[in-house]
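Here are my notes for your first read-through. Please keep the model open beside them.

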Amino acid sequence: MFFLVIKRILLGLITLFIVSLITFAGVEVLPGDACTTYLERQAFGQALEACYDRLGLNVPAYERYISWAWGVLQWDFGYSLSGEMKINEVLGPKVKNSLVLASASILIGIPIALLLGIITALWRDRLPDIIISTVTIFSMTIPEFISATLLILIVAIWLEWLPGIVIVPTEASISELLPNIILPVIAISMIMTAHMARMVRSSVIQVMASDYVQMAILKGVPYWKMVFRHVLPNALLPAINVVALTIAWLLGGVVVTEVVFNYPGLGRLVIESISNRDLPVVQALAIILASIYVGINLIADLATLMLNPRLKSLQIKK
Amino acid sequence: MKTTVQKINNLTIGFQSQKGEQISILKNISTSINQGETVGIVGESGSGKSTLALAMMGYVKHGLFTISGECIFHSNNLLEMKNKELENIRGRKIAMIPQNAGQSLTPNLKIGYQIDEALKLHTDLKQTERDEKISELLNKVRLPSPETMAQRYPHELSGGQQQRVAVAMALAGSPEILLLDEPTTGLDVTTQAHVLELLNLIAKDSGTSMVYVSHDLGAIAQVSDRVIVMYSGEIVLDGPVRSILKNPIHPYTFGLLKSIPKLSLPGLPNSMSGSQPQPGSIKKGCSFYERCEFADDDCKVNSPSLEFIKDLNTSVRCFKHNELLNLTKIESQNVKSIENKVLKNEILDLSSVSISYAKQKFLDQLLNKINDTNPTVKDINININKGETLALVGESGSGKSTILKSIAGLLKTKDGNIKFEKDKTLSNDLRQRDPSLLRAIQLIFQNPDESLNPNHTVEEIVSQPLRLYFGLKGKELKDKIIEVLDKVRLGEFYLTRYPRQLSGGEKQRVAVARAFAAKPDIILCDEVTSALDVSVQAAVLNLLQELKEDFGTTYIFVSHDLAVVRAISDRVAVLYQGRLCEIGPSNNVYKFPSHPYTEVLLGAVLEPDPDIKPKLVAEDIVEEKPPENGCSFQGRCPRILGDICKNEVPPWQTSENGNSIRCHIKIEDLKNQQTSN
């Protein structure tokens, strides 16, 4: 068991290493470099040389990769081009803001998704299922930039209940942020919740049709006891991985939603730095997002391992 | 007069078809279960036997509904009761032992918890009393060390152990009726015999009524007092077990009994033509009309009703039962004895073949070698002559399918050679085998549902080998396909059918056709009849034998069913834990002296005759790995000598019958011991 955990963690680290290589190489092969982009029409002669010197671009690529990677390990991503300030100082508060937004969406989305999934499965093909399923399929198909815009139109403009866009500084504290994130959270969690609810539904239905559930019924186990002891533990286990994938996928949703709501998080930074061709920042963001992705999947894998008696004993035997 | 515990009156259960018609799966079933009685319900898949058993618990599967009738238990109709009330009956008054215990135990809950749950629901015992009761129950079903067993998860037990746990769970509520739905179907022969013995004991001890549902007349014969035969949702025969099995006065039962291969009667059994009609397809007349040898025009138009024959104490649904009564001397049944033209030239030679499933280490993988001192299959030496049928028998885990896969090139051998036609060595690597060698060896799998591509029509399936090996195209190809299908008795109209539109027997015929289309020299048959209904099994066996006579093909036939093996093979090799125990002409392997393992297997065979009881000579322990040293069967051998069996690999000895036995016991001693008891 212990070795398996170590193995999974090592695999995660290898994945991240490869991701960092690819991002670095990707930036490297793009035509032009940070200095030509930054200096634009002045990109010749002494100015260019000076810029290369300052950014250290005149040393071989592998050396630059090593020093960059070494920096990343110490939470140092070098300097951004536009602001000429340290990237980690720019990133810090934005990462925090995005995490607040994502966690709020997850904390609200997952319980609702589980509840809806279980309800639709247990009342399969009856009124509760039909209503909820219709709504979830509907909200699954609308992309978040449309649902976000509609939310702004209805809640902020027509009803005037909540502000339409977020106007807090990047450094705002969590308590300042919270009232502003209600609409973005709804927009983000809509698709995610619908997705997960569908997964949970089909998983529960599958388990309900299994021989052991029929056996539990024939044993005389009361309905709700059967649901909680025999159905849910077996139905939710495979759902853990799906939840992890959905959360990872949510990162993309966060990017779009942040832009729509003008939220000072990572998402907006991604868009801004790409349009400014601020390559060091793009590089830093890529590695951060990849780490989150790998991390969430790792947690999900380990959780499945811990909770599944079958896998657990299998590993002990080895 | 015994008291009736459950009574079923005019029960009809069915479903709504897409056209809105009501289609019945059970038609007008009326019967009753007496106290302390064991009733066997027998029928092939789709006959409605499981639906009937579930209805006896007031359970109707999703999609089905009760059209009419009632299931009376203690003057209540179970089919009209609310779930709350049923919870007090299920498990307490009527308990179920399911078909596949492995899938019927909840995977995330420990064995002990699952039994405790039943106890908590159906008894008033306190925690400590319940813990004792759990141990007591596990002891009763003869599971070793109950305390540690209770702490295990279902997947940590073997199939036989899981089935025993299911029995223990059903007994927890001390029910009045035990329903058993094919409780031994997935188990090995020896395990099956042991579980049946256990059930017999329990029935005798507790006076519980049992309803035993199975397709296996052998198992039914061993446990039942009374037998109900179902066909196409109807009861066609209902009476005492001896009367049903010795005087089968319904043509279906008559044909069914004739189609079962028996140990006592070597040779191919008669086959029954056709298959059971789809529900709803019969509008009038007898539902068995299509397949009946005795039918006349009356049977086509009028449906017979269940008629009570006083002399036999049996109810029968047939107009012709008198005719059958005179005919039923099964002993005089004519079996076709097989005579294969076995040529003296060797077609396949396995010399010291070992196969390992051990995971290769990275370095070994690079060096392309397998390091395993105790491989799954070891030291197999068999040569097969042209035109011969060699059978490999053994329980699950005996390595019989593994050997087949290696011959086919699907698994690499660790050591040893496989030679084809004396001089052509079959390469370990499938890609290095010559196309003509690939063509020469074809494989037929156990389950045609999985071996036929569901998205291909029969035409496409059969055309594959013809195009691949002979490069046929266009009209030539089509003619050849039709010719091959004709050989397996499938008409031209099957060409456009998909596997899902075929019955089990038809699917296996397509698989046979695909194998023969390649004009192979050797066909490897991997449990080809295990997934089929008994009535279809005989037809497929007969077909294989006829094709063999036409083409002179060599068969290697893998099966766990000793009666089937006896019917079709010339020579039998008995395997235990991947090591050969005995090999010889099939007539002689079934005679003593035998290897102790063969003796155990033969003793566990269930014949469809209540007067032939199985002999249980060894425990049905499951061994995970073959022993490192000595005889492979040392762990279970009832005749073990001592240290010599544990330390030395036994020598081959040849008996006067010509079969070779690998055992430390002297042949004469073996014979004396085995014939004396």
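1. Chain A has 14 helices and 0 strands. Helices are DSSP runs of H or I with at least four residues, strands are runs of E with at least two, and both are numbered from the N terminus. The C-alpha atoms of chain A fill a box of roughly 85 × 60 × 35 Å along the principal axes.

2. This is a predicted model: local features need pLDDT of at least 70, side-chain atom pairs count only at pLDDT 80 or more, and totals for chains, interfaces and linings use all residues. Residues are numbered from 1 along each chain as its sequence is written, chains are lettered from A and ligands numbered from 1 in the order in which they are written, and side-chain values use heavy atoms, with hydrogens and water left out.

3. Chain A has 318 residues, and 46% of them count as buried. Buried means under 20% relative accessible area, exposed over 50%, partly exposed in between (1.4 Å probe, protein chains only).

4. Turn to the cores. The largest nonpolar core has 102 residues. A nonpolar core is a set of buried Ala, Val, Leu, Ile, Met, Phe, Trp, Tyr and Cys residues joined through side-chain atoms within 4.5 Å. Helix α7 (residues 159-171) of chain B gives the most to this core, with 7 residues. Another core, of 39 residues, lies apart from it; B:Leu472 and B:Val510 are among its members.

5. B:Ile115 is one of the residues with the most contacts inside the largest core. Leaving out residues up to four places away in sequence, B:Ile115 touches several residues, including B:Ile134, B:Val165 and B:Met169. Contact means heavy atoms within 4.5 Å.
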